[in-house]
Amino acid sequence: MTTTNWSDEELMAYADGQLAGERRAPLAAAIAADAALRQRVEALAAQRRRVAAAFADVLDEPVPQRLSALLSATPAPAVVTDLAAERERRAARKPGLSWAHWGGMAASVALGVVLGLQLGSRSGGAGSDALLSEAGGQVVAGARLAQALDTQVGAEATAGDAGVTVQLTFVAKDGRYCRTFSAERVAGLACRDAAQWAVQTTVAAEGAASGAAAGMRQAASALPRAVLEAVDARIEGVALTVEQEHAAREKAWKR
Amino acid sequence: MSMADSLPSVRTQIAALLPRLRRFGRTLAHTREDADDLVQMALEKALTRTDQWTPGTRLDSWMFRIMQTTWIDELRARERRGQTFVPEEEGEHVGITPNDAQMDAMAVRKAVSRLGDDQRAVVGLVLVEGLAYQEAAEVLGIPVGTLTSRLARAREALQAMLGGTTP
């Protein structure tokens, strides 16, 4: 038995690795010689592990979009100017970094999901210039978006694509082809169903329009973080190469 | 891109801390929604004053401090409004039958939520976020002796609520 009185606070500090200086060695010796003391310290260490474990899962939760978006709205947003370069960067990057991670550089995002139907033709009907449409209660690509999603490959947008740019193509975990797109004031992700492109996410993107207006290559449209996070949530493997995109287009994006 | 512009890099560093900020929020606040609201308020504050963070010092401690003061302000505002807390129903977040570890985690989180506001902060900083006593004391703006006694009382209270056995 030790003759020294050890306070609870000292035992706690020892268990937490926080007992400083000259008190540490005597306590270590006392613990070695006193089973009861050792038990108290071990109980404190166990409590520490137990409390830490109770909150550990929070780290694995997806960070809500409203929080990450606050930090992605950088004053001078970078844009995806070269898809090939982005692919190389993605291939070279360390595992664990995500699309959303490099998307932190992407355009400023006006928060909030844009309801698809508001983005359709202003004349009201789902005409040939509708970006988004509705089918069976689901938001799907309208004629204009579907045209771009069906035909565009390797970010080779032309004037005929009517302001829609397709950037990344990938195979989702559910086996569908999915493609990111951006248009005047919106960016999003669509995945190919049997009959149509089902729109998974749309985000208002302020950068998309100004880029086109400035005469930049349409491939330069920036991808908002929310879209990249939607990619992250679905992607299986890596994005398609241009050659793979050509092959997929020949099969009408069916697998 | 200019490397001289430090603002994006602070943003990037804060973004990397988000999971931990959310976790610290969960020890302070009683519900997940409150915790994320708290993180959001703290982020908005932090982004207006990134120039006040000294590069080379701990950014996590800086953010934790902003969260803590924001939370205290929020508690006072709620007190003025006469608003009471809605106790978190832990079970609602578990869709399937929880295993032993999940059951224990729920019991521990519930016990932490029953601690006083001051005690939850020290538990969060030291036991969950792993800050040294001195670092935690600086975050809270209190002497390290005060932190130590506060932590000891919090751990006694947890011990009384939870007992000593771990499944």
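Q: pLDDT is the predictor's confidence in each residue, from 0 to 100. Over residues 91-95 of chain B, where pLDDT stays under 50, how many contacts beyond four places in sequence does the model have?
A: This is a predicted model, in which local features need pLDDT of at least 70 and side-chain atom pairs count only at pLDDT 80 or more, while totals for chains, interfaces and linings use all residues. Residues are numbered from 1 along each chain as its sequence is written, and chains are lettered from A and ligands numbered from 1 in the order in which they are written. Two residues are in contact if their C-beta atoms, placed from the backbone, lie within 7 Å. For residues 91-95 of chain B, the number of such contacts beyond four places in sequence is 1.

Q: Which helix of chain B has the highest mean pLDDT among the elements of that chain?
A: Chain B averages a pLDDT of 86, and 84% of the residues score at least 70. Residues 1-8 of chain B stay under 50, with 4 contacts beyond four places in sequence. Helices (H or I, at least four residues) and strands (E, at least two) are DSSP runs, numbered from the N terminus. Among the elements of chain B, α1 (residues 7-28) has the lowest mean, 87, and the highest, 97, belongs to α5 (residues 117-128) of chain B.

Q: What pLDDT does chain A average?
A: Let's begin with two stretches of chain A. Over residues 207-221 of chain A the pLDDT stays under 50, and the model has 33 contacts there beyond four places in sequence. In chain A, 67% of the residues score at least 70, and the average pLDDT is 73. Residues 101-126 of chain A are below 50, with 73 contacts beyond near neighbours in sequence, while the chain A average asked for is 73.

Q: Which element gives the largest share of the side of chain A that touches chain B?
A: Here 30 residues of chain A are in contact with 38 residues of chain B. Three elements of chain A give two or more residues to this side: α1 (8-15), α3 (35-56) and α4 (65-72). The largest share, 11 residues, comes from α3(A).

Q: By class, how many nonpolar residues does the side of chain A that touches chain B have?
A: Ala, Val, Leu, Ile, Met, Phe, Trp, Tyr, Cys and Pro count as nonpolar, Asp, Glu, Lys and Arg as charged, and the others, Gly among them, as polar. The side of chain A that touches chain B has 5 polar and 6 charged residues, and its nonpolar residues number 19.

Q: Is Pro224(A) buried or exposed?
A: A residue is buried if 20 or more other C-beta atoms lie within 10 Å of its own, exposed if 12 or fewer, and partly exposed in between, with C-beta atoms placed from the backbone. Pro224(A) sits in the loop between α8 (206-213) and α9 (225-234) of chain A. Because Pro224(A) has 33 C-beta neighbours inside 10 Å, it counts as buried.

Q: Which way do β5(A) and β6(A) pair, parallel or antiparallel?
A: In chain A, all 7 of the 7 residues of strand β6 (residues 186-192) are buried, so β6(A) is largely enclosed by the rest of the structure. β5(A) and β6(A) form a hairpin with 3 residues between them, and Ser182(A) stands opposite Ala187(A) in β6(A). Two strands pair if DSSP finds at least two bridges between them. Strand β5 (residues 177-182) of chain A and β6(A) have 5 bridges, and the sense is antiparallel.

Q: Is Ala252(A) buried or exposed?
A: Ala252(A) lies in the segment after α10 (242-250) of chain A. Phi of Ala252(A) is near 55°, a positive value in a residue other than glycine. With 9 other C-beta atoms within 10 Å, Ala252(A) is exposed.
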